[in-house]
Amino acid sequence: MQTPGSQSSLHRANLERVVRAVRLAGSLTQAEIARTTGLSAATVSNIVRELRESGTVEVTPTSAGGRRARSVSLSGDAGIVIGVDFGHTHLRVAVGNLAHRVLAEEAGPLDVDASWADGFDRAEALVGRLLAGAGVSLDKVVGVGLGVPGPIDVESGNLGSTAILPGWAGTNPRQELSRRLGVPVHVDNDANLGALGELVWGSGRGVKDLAYVKVAGGVGAGLVINGSIYRGPGGTAGEIGHITLDESGPVCRCGNRGCLETFAAARYVLPLLQGTHGPELTMERVVELARAGDPGCRRVVTDVGRHVGSGVASLCNLLNPSRVVLGGPLADAGELILAPIRESVGRYAIPSAARQLSVLPGSLGDRAEVLGALALVLSEMGDSNFLAQPGAGTRASVVMSSGRERMAPLSSR
């Protein structure tokens with residue numbers, strides 16, 4: 001039995017500190033572990049040796065500052081995590097391990113609004129195919145992160161607004177995917193996962209307060225306050241797409257008129273150009289043509305930027321974020337859309353809030369949400385579960401627990 005303050009409890013606390021540092025960073029040299037944890041180099045060396053002998057970590061030769069070093073990461077065979085991202089028009093799945101390496105990833109078109117059953121059928125099949133291709137079995141999976149393009153009730157996991165995702169009325173995405181795969185599932189909306197992905201690996205690194213604004217089939221924002229995703233008590237925080245811009249404007253799918261989404265989302269914007277550019281036009285193609293100088297596409301992209309900027313200005317006045325990261329296909333338009341966003345922010349936001357704000361494109365592209373889904377699972381893991389319990393002869397199996405923390409990038413295989 002361990003006594004608080006005893007040498008054994010102190011030793012275990014130090015083991016957990018090292019495991020936590022490695023888990024959140026993906027890999028660290030022993031010198032970096034010492035700086036991160038505040039432990040002495042000798043203590044870190046002894047702990048790493050103990051963790052390596054127990055199979056908790058792997059140690060590989062590397063270099064740091066031109067000098068030889070040893071890189072420490074969690075054992076690659078300690079467990080597998082899965083990210084599933086449902087967009088309005090796509091499904092993307094990624095498989096990663098606890099050493100922060102992406103083992104397999106695939107995406108394909110999907111009309112997620114049409115049928116939740118078809119969407120989960122496709123996701124289940126894709127997960128099975130990727131696991132088989134990566135040579136791992138389902139019993140190695142310790143958790144799944146699931147992103148859906150709609151508000152999720154934080155407590156129950158139920159979809160919060162069936163008007164936004166009508167084909168999913170009455171469903172609980174977390175329970176449904178967990179039932180099919182037989183593993184724990186953590187669910188959030190796609191904008192929050194995009195914010196989490198960009199926060200820890202992309203254009204949001206180094207800041208504590210930001211908004212990730214995704215403009216695609218819908219418009220939503222993932223909000224980060226003091227380093228953590230803010231969901232609100234009901235999980236609906238960040239529905240920037242339903243800020244009213246014009247009370248006499250087009251009827252939105254939510255039932256209101258003139259929402260930001262009716263001026264910026266693909267389903268409302270593309271018809272403006274399809275008469276002259278063809279019915280198969282996509283937002284990706286609009287961006288491509290705009291960058292090439294097409295006047296109609298440039299005008300539409302600029303208008304969308306002004307409207308999104310009005311919504312961002314409202315966020316500035318309410319929350320005063322230091323950075324806004326733009327996600328979705330329009331982010332590839334660069335200054336064609338970023339400049340009008342900044343112009344609207346300068347016009348409508350409180351001057352002090354506008355001066356402090358930087359507006360950047362997302363750096364993870366269409367992978368932001370699925371990487372955020374993997375991050376969600378990794379952040380839920382408890383460090384003590386990697387270690388042998390006192391008196392046990394072997395390391396305990398990995399289980400899930402609470403807690404959300406920052407992490408470093410997953411690398412591709």
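This briefing describes the cores, sheets and selected residues of one protein structure. The structure is a predicted model. Its largest nonpolar core holds 48 residues, and another core, lying apart from it, holds 44. Among the sheets are an open one of 3 strands with antiparallel pairing and an open one of 5 strands with mixed pairing.

**Nonpolar cores**

- Within the largest nonpolar core, the residues that touch the most other members are Ile33, Leu51 and Leu98.
- Several elements give two or more residues to this core: helices H1 (7-25), H2 (30-37), H3 (41-54), H6 (190-201) and H14 (368-379), together with strands S2 (57-64), S3 (67-74) and S9 (210-215).
- Helix H14 supplies the largest share of the core, with 9 residues.
- The other core, of 44 residues, lies apart from this one and includes Val219, Ala290, Leu330 and Ala354.
- Beyond its neighbours within four places in sequence, leucine 51 is in contact with Leu15, Val18, Val19, Thr56, Val57 and Leu387.

**Packing of helices H1 and H3**

- Two packed helices are described by the angle between their axes and the distance between the axes.
- For H1 and H3, the axes come within 10 Å and cross at roughly 80°.
- The two helices, H1 and H3, are therefore roughly perpendicular to each other.
- On the H1 side, the contact is made by His11, Asn14, Leu15, Val18 and Val19, and on the H3 side by Thr43, Ile47, Glu50 and Leu51.
- By residue type, the contact of H1 with H3 divides into 5 nonpolar, 3 polar and 1 charged.

**The sheet of S1, S3 and S2**

- This open sheet has 3 strands in the order S1-S3-S2, and the pairing is antiparallel.
- Strand S1 (28-29) and strand S2 are the edge strands, each pairing on one side only.
- Strands S2 and S3 run antiparallel and are joined by 8 bridges.
- Across this pairing, threonine 60 stands opposite serine 71 in S3.
- Helix H3 lies across S2 and S3, and its direction is at about 130° to S2.
- Serine 71, in strand S3, has a relative accessible area of 14% and is therefore buried, the cut-off being under 20%.
- Leaving aside neighbours within four places in sequence, the contacts of serine 71 are Ser27, Leu28, Thr29, Glu58, Val59, Thr60 and Thr62.

**The sheet of S11, S10, S9, S12 and S13**

- Here 5 strands form an open sheet in the order S11-S10-S9-S12-S13, with mixed pairing.
- Strand S11 (228-230) and strand S13 (358-361) stand at the edges with a single partner strand each, so one side of each has no neighbour in the sheet.
- From one strand to the next, the twist averages 25°.
- Strand S9 runs antiparallel to strand S10 (residues 219-225), and 6 bridges join them.
- A hairpin of 3 residues connects S9 to S10, and in this pair valine 213 stands opposite alanine 221 in S10.
- Strand S9 also pairs with strand S12 (residues 323-327), in the parallel sense and over 5 bridges.
- Strands S10 and S11 run antiparallel and are joined by 3 bridges, with isoleucine 229 in S11 as the bridge partner of valine 224.
- In a regular strand the side chains alternate between the two faces of the sheet.
- Both faces of S9 are covered, with Leu210, Tyr212 and Lys214 buried on one side and Ala211, Val213 and Val215 buried on the other.

**Strands S7 and S8**

- Strand S7 (residues 141-148) pairs with strand S8 in the parallel sense over 5 bridges.
- Within this pair, valine 144 stands opposite valine 185 in S8.
- Strand S8 (residues 185-189) is mostly covered, with 5 of its 5 residues buried.
- On one side of S8 the buried residues are Val185, Val187 and Asn189, and on the other they are His186 and Asp188.

**Histidine 100**

- Histidine 100 is located in the loop between strand S5 (90-97) and strand S6 (101-109).
- With a relative accessibility of 1%, histidine 100 counts as buried.
- Histidine 100 and glutamate 261 are 161 residues apart along the chain, and their C-alpha atoms are separated by 35 Å.

Note on methods. Residues are numbered from 1 along each chain as its sequence is written. This is a predicted model: local features need pLDDT of at least 70, side-chain atom pairs count only at pLDDT 80 or more; totals for chains, interfaces and linings use all residues. Side-chain values use heavy atoms; hydrogens and water are left out. A nonpolar core is a set of buried Ala, Val, Leu, Ile, Met, Phe, Trp, Tyr and Cys residues joined through side-chain atoms within 4.5 Å. Buried means under 20% relative accessible area, exposed over 50%, partly exposed in between (1.4 Å probe, protein chains only). Helices (H or I, at least four residues) and strands (E, at least two) are DSSP runs, numbered from the N terminus. Contact means heavy atoms within 4.5 Å. Axes are lines fitted to C-alpha atoms, for helices over the stretch in contact, and angles run from 0 to 180 degrees between N-to-C directions. Angles under 35 degrees count as roughly parallel, over 145 as roughly antiparallel, 65 to 115 as roughly perpendicular and the rest as oblique. Ala, Val, Leu, Ile, Met, Phe, Trp, Tyr, Cys and Pro count as nonpolar, Asp, Glu, Lys and Arg as charged, and the others, Gly among them, as polar. Two strands pair if DSSP finds at least two bridges between them.
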